[in-house]
Amino acid sequence: MLLVFDSLTGNVRRFAQAVAREAGGLHVQSVTDPPPAPGQAYLLLTYTFGQGQVPDTTAVFLRAHSAGLRGVVASGSYHWGVNFGRAGDRIAKAYGVPLVARLNKAGSAADRAQVRQWLADHTAPHPGPATAERRTEWTPGLN
């Protein structure tokens, strides 16, 4: 699964990169990079702005590319009370996806483990290359 992040201070970007590395090298990109392929599954990691708002850059990205959205992780600060990570609540409700984690600033090792577990539970294994079924049937020769 692809990790798509929106980061104002770098906290969310660093968190996404750490999760990707710890999960074995998932692809990470910004909401400002070329968009994922239509319908490609991704986990959105973003921040909360102002009084619990979804950042404009995240909102614009979602309006154009929500088809692949599978879950959301939102950062914020415990000091914001009810608005802590509230962008995640808003995105989850608007798009019908789970709020996978709420991060205090850059998140913790426990947060990364929680997100990695969610990814493991929601990422289909890659099918291997198609192989022709081997036939072991004996065919008599022309003796």
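Let's start with Tyr 78, which is exposed because its relative accessible area is 58%, and exposed means over 50% (buried is under 20%, partly exposed is in between, with a 1.4 Å probe and protein chains only). Phe 84, on the other hand, has a relative accessible area of 12%, so Phe 84 is buried.

A quick word on what you're looking at: this is a predicted model, where local features need pLDDT of at least 70, side-chain atom pairs count only at pLDDT 80 or more, and totals for chains, interfaces and linings use all residues. Residues are numbered from 1 along each chain as its sequence is written, and side-chain values use heavy atoms, leaving out hydrogens and water.

Now for the rings. Rings of Phe, Tyr and Trp (its six-membered ring) pair if their centres lie within 6.5 Å; planes under 30 degrees apart are stacked, over 60 edge-to-face, and the rest tilted. That rule gives three aromatic pairs. One of them is Tyr 42 with Phe 61, an edge-to-face pair with 5.6 Å from centre to centre and 75° between the planes. This pair links distant parts of the chain, 19 residues apart: Tyr 42 sits in strand β3 (residues 42–47) and Phe 61 in helix α2 (residues 56–65). Helices (H or I, at least four residues) and strands (E, at least two) are DSSP runs, numbered from the N terminus. Tyr 42 and Phe 61 are both buried. Back at Tyr 78 and Phe 84, the ring centres are 4.9 Å apart and the planes are at 55°, so that pair is tilted.

Finally, find Phe 5 in strand β1 (residues 2–5). Phe 5 has 11% relative accessibility, so it counts as buried. Phe 5 and Leu 44 are 39 residues apart in sequence, yet 5.7 Å apart in space, C-alpha to C-alpha.
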